[in-house]
Amino acid sequence: MALKLTSSLSFQSQKYPCFGVPPSTSKTNLRSSKIVMASTLPSNVVGDVKKTFSPKHDVHVQVTHSMPPQKVEIFKNLDGWADTNLLTLLKPVEKSWQPQDFLPDSASEGFNEQLLELRKRSKELPDEYFVVLVGDMITEEALPTYQTMLNTLDGVRDETGASPTSWAIWTRAWTAEENRHGDLLNKYLYLSGRVDMRQIEKTIQYLIGSGMDPRTENNPYLGFIYTSFQERATFISHGNTARLAKEHGDLKLAQICGTIAADEKRHETAYTKIVEKLYEIDPDGTILAFEDMMKKKISMPAHLMTDGEDDNLFDNFSAVAQRLGVYTAKDYADILEFLVGRWNVEKLTGLSGEGRRAQDYVCRLPARIRKLEERAQARAKEGPKKPFSWIFGREVRL
């Protein structure tokens with residue numbers, strides 16, 4: 001799920017000795033090179049000339065490999081721990097739910113009746129709800145980017161594509177479980193007849209092609225703090241789309257969204273356990289990483305979203321999600337506060353001076369964010385209406 005945190009709070013990135021980077025290798029210009037993608041559409045749709053894909057958004061200048069090489073050994077030594085504590089959180093495929101469990105059975109004689117019933121229920125859902133559901137689905141469908149991100153992390157990446165390490169097995173199996181989320185929501189939306197699937201499919205292609213910019217620096221300390229936050233955010237978002245679906249009378253869609261939320265909660269448990277272990281082994285390095293990520297702000301996975309028409313699509317989608325209470329700035333502060341409590345950050349001892357300052361910063365941050373958000377809400381005016389190509393250009397209030 002994606003939301004842009006809007007506040008005037010300063011989150012300047014700050015580097016610390018334990019995450020120092022050699023000047024000659026720490027930064028690279030991130031302008032993406034162009035990739036030629038030959039279209040298979042008829043020439044009357046796109047013309048005879050091959051189109052060139054180029055991401056529409058600039059991203060931050062990148063810092064790479066910020067974790068000191070000696071800390072790679074920490075993660076190699078934790079491979080057995082990961083086997084016991086992460087892989088046990090995965091569900092066997094044969095006992096896992098599949099998208100077809102929630103959808104009309106196209107091989108059944110009753111398929112047409114089941115489809116009509118699904119469409120009847122979906123008619124009770126307002127356009128604004130579909131904007132948020134589509135945005136959630138698109139975020140889930142960009143899963144190749146998230147697996148790629150995990151495989152940038154030093155010490156835990158899947159080096160071969162089929163590595164037998166516990167870290168690599170976790171990444172592949174996590175991806176396999178997550179893959180069902182986008183599949184299920186995509187098929188539901190297609191069957192509903194309420195959305196423009198071609199525009200949605202274009203948005204997915206743009207988003208995967210554009211990637212993401214989490215600013216995790218190939219650093220698993222930063223990466224696992226990021227994923228802990230994100231899994232909590234998606235748990236909240238899907239839980240709220242389930243709640244709204246139920247309020248509008250679509251109990252089957254509520255079940256779909258609730259089932260996805262339950263997966264996200266289980267995955268949140270895994271990633272927060274990793275960071276908990278890092279606090280046990282290296283409290284100073286971990287609290288500095290937590291501070292670093294929060295000063296940079298958590299960029300949401302779909303923040304480079306566009307449909308080829310609206311370069312502010314992510315912000316507009318986020319504004320609708322905020323207004324409907326699906327994912328809000330308050331949730332951002334609540335997640336941060338949850339993680340501070342989950343990792344017992346306030347009770348950390350034996351920290352360096354830098355570590356104590358980082359501890360104080362992250363512990364005070366939720367209240368600061370809430371205060372700024374309260375001020376922003378007090379000044380907020382009713383948002384304008386904006387068209388969304390996902391719903392055939394119909395307008396929705398931001």
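Two residues are in contact when heavy atoms of theirs lie within 4.5 Å. The structure is a predicted model, in which local features need pLDDT of at least 70 and side-chain atom pairs count only at pLDDT 80 or more, while totals for chains, interfaces and linings use all residues. Residues are numbered from 1 along each chain as its sequence is written, and side-chain values use heavy atoms, with hydrogens and water left out.

An unreviewed UniProt entry gives the feature "binding site" at E178, E231, E264 and H267; such positions follow the numbering used here, feature names are shortened, and annotations may be inferred rather than shown by experiment. These residues span 90 residues in sequence, yet no two of their C-alpha atoms are more than 10.8 Å apart, so they gather at one spot.

Leaving aside neighbours within four places in sequence, E264 is in contact with E140, E178, H181, E231, T234, F235 and H238. With residues up to four places away again not counted, H267 touches W170, W174, E177, E178 and E231. The side chains of H267 and E178 are also joined by a polar contact of 2.7 Å, that is, a pair of N or O atoms within 3.5 Å, of which, within protein, one must be able to donate a hydrogen and the other to accept it, and residues adjacent in sequence count only if both atoms are side-chain atoms.
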